[in-house]
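Please open the model in your viewer and keep the sequence panel beside it. The stops below are meant to be taken in order, each with something to select and something to look for.

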Amino acid sequence: MDVITVALSLVGLVAVSTTIGLVWRARQGRVSHRGADTVVKAQDVPGVERFAAGATLVQFSTEVCAPCSATHSVLKETAADYTNVTHVNVDLTHRPDIAKRFRVMQTPTTLILDSKGRVRARIGGAPRPGSVRAEIDRILAT
Amino acid sequence: MSTPPPSSNSSLAAKPGQAGIDPRSPRFGAGITAVLLLIVIALSLVAPIGITTLERASEPGFVLFSIITVLFGWGAIAGIQRHPYGAIFRALVRPRLGLPTQLEDPVPPTFAQGVGFVITLAGFTLHLLGVPYGLVITGSAAFVAAFLNSVFGYCLGCQIYLLLVRTGIIGRSAATGT
């Protein structure tokens, strides 16, 4: 292969990788309201006896997840700002059944549930504190 | 500048009894790996693949690729904290940067080294067996992962780990014990 073709191949590889990275980054922390009719039972979420009167932030993690600890801090601190919001972290490492039931395809994934366990928002990837707060405020206002 | 970050941060970032690492260190290492992989791909594309095993084993692109493979193996087995690129980062890069805003668990980047090792070992074997473009294809796959990790902070290892959990390859056996 001549040098020009090789150089163009390398540029193409870097361009494709950059596009993948930009798309991935744009989707990180995006809030989805699809599945808002789904109702989760408290007993289906390990570590939860009953849902908080305001909202419950359910974080799905694994033991191998670089952004999960930062997400843990963000959600814990956000929940602490409200009297009726709790944060629970579910480690999926030994619970593939939960990963499948909630169709978790990436970690962290966060569900924001209202007091009745309805899934009001779903956030894939590291959530932005502002959007978590906005979703909680929306739930508390209804 | 070389003072370790406050321990209150590391308690958030790493498992108990394990020190957190500067998250910029593995990303710096992934950057070196990505550049080296581009060189491997270029060298493999300019020259046709050797006819005998000895010819193929002595091609410069393959020699460089073998070094990358060994380094991935080192990172996976010894842990990301003992990776040579980490030593370069601590000696040359870290003194020029401020303190990290947070520390990270070393387990995900160590697992990622294992993923890199599996991919590059496959390329290593395919090339020695004489499979055309074996180095280019596995090198490109490893490049995409290393580039995304270095530039965007994307953790392919974390994604693969979750998929292995979902398929029951990792984690399930321990569930019966707990």
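In what order do the strands of the open sheet in chain A lie, and what is the sense of their pairing? Select the strands of chain A, and you will find 5 of them forming an open sheet in the order β1-β5-β4-β2-β3, with mixed pairing; strands pair here if DSSP finds at least two bridges between them. Helices (H or I, at least four residues) and strands (E, at least two) are DSSP runs, numbered from the N terminus. The edge strands, each of which pairs on one side only, are β1 (31-32) and β3 (85-91) of chain A.

Before going further, note that this is a predicted model, in which local features need pLDDT of at least 70 and side-chain atom pairs count only at pLDDT 80 or more, while totals for chains, interfaces and linings use all residues. Residues are numbered from 1 along each chain as its sequence is written, and chains are lettered from A and ligands numbered from 1 in the order in which they are written.

**Stop 1: strand β2 of chain A**

Select residues 55-61 of chain A, which make up β2. Of the 7 residues of β2(A), 7 are buried, so the strand is largely enclosed by the rest of the structure; a residue is buried if 20 or more other C-beta atoms, placed from the backbone, lie within 10 Å of its own, exposed if 12 or fewer, and partly exposed in between. In a regular strand the side chains alternate between the two faces of the sheet. Here Ala55(A), Leu57(A), Gln59(A) and Ser61(A) point one way, whereas Thr56(A), Val58(A) and Phe60(A) point the other way.

β2(A) pairs with β3(A) in the parallel sense over 7 bridges, and with β4(A) in the antiparallel sense over 6 bridges. On the β4(A) side, Leu57(A) stands opposite Ile112(A), and Ile112(A) in turn stands opposite Ala121(A) in β5(A). Strands β4 (residues 109-114) and β5 (residues 119-124) of chain A pair in the antiparallel sense over 5 bridges.

**Stop 2: the helices beside the sheet**

Select helix α2 (residues 68-80) of chain A, which together with β2(A) and β3(A) makes a right-handed β-α-β unit; right-handed means that, with the strands pointing away from the viewer, the path from the first strand over the helix to the second runs clockwise. Next take helix α4 (residues 129-141) of chain A, which lies across β1, β2, β3, β4 and β5 of chain A and runs at about 20° to β4(A). Such angles run from 0 to 180 degrees between N-to-C directions, with axes fitted to C-alpha atoms, for helices over the stretch in contact.

**Stop 3: Asp91 of chain A**

Asp91(A) is found in strand β3 of chain A, and Ser61(A) stands opposite it. Asp91(A) counts as partly exposed, with 19 C-beta neighbours inside 10 Å. Beyond its neighbours within four places in sequence, Asp91(A) is in contact (C-beta atoms, placed from the backbone, within 7 Å) with Ser61(A), Thr62(A) and Glu63(A).

**Stop 4**

Most residues other than glycine have a negative phi, and most peptide bonds are trans. In the loop between α3 (96-101) and β4 of chain A lies Pro108(A), which is joined to Thr107(A) by a cis peptide bond with omega about -5°. Arg103(A) has its place in the loop between α3 and β4 of chain A, and its phi is near 50°, a positive value. Arg103(A) is exposed, with 10 other C-beta atoms within 10 Å.

**Stop 5: chain B and its contact with chain A**

Turn to chain B, whose secondary structure comes to 9 helices and 0 strands. Of its 178 residues, 42% count as buried. The contact between the chains takes 35 residues from chain B and 28 residues from chain A.

Finish by selecting Phe143(B), which, leaving aside its neighbours within four places in sequence, is in contact with Leu13(A), Ala34(B), Leu37(B), Leu38(B) and Ile41(B).

How values were computed:
Two residues are in contact if their C-beta atoms, placed from the backbone, lie within 7 Å.
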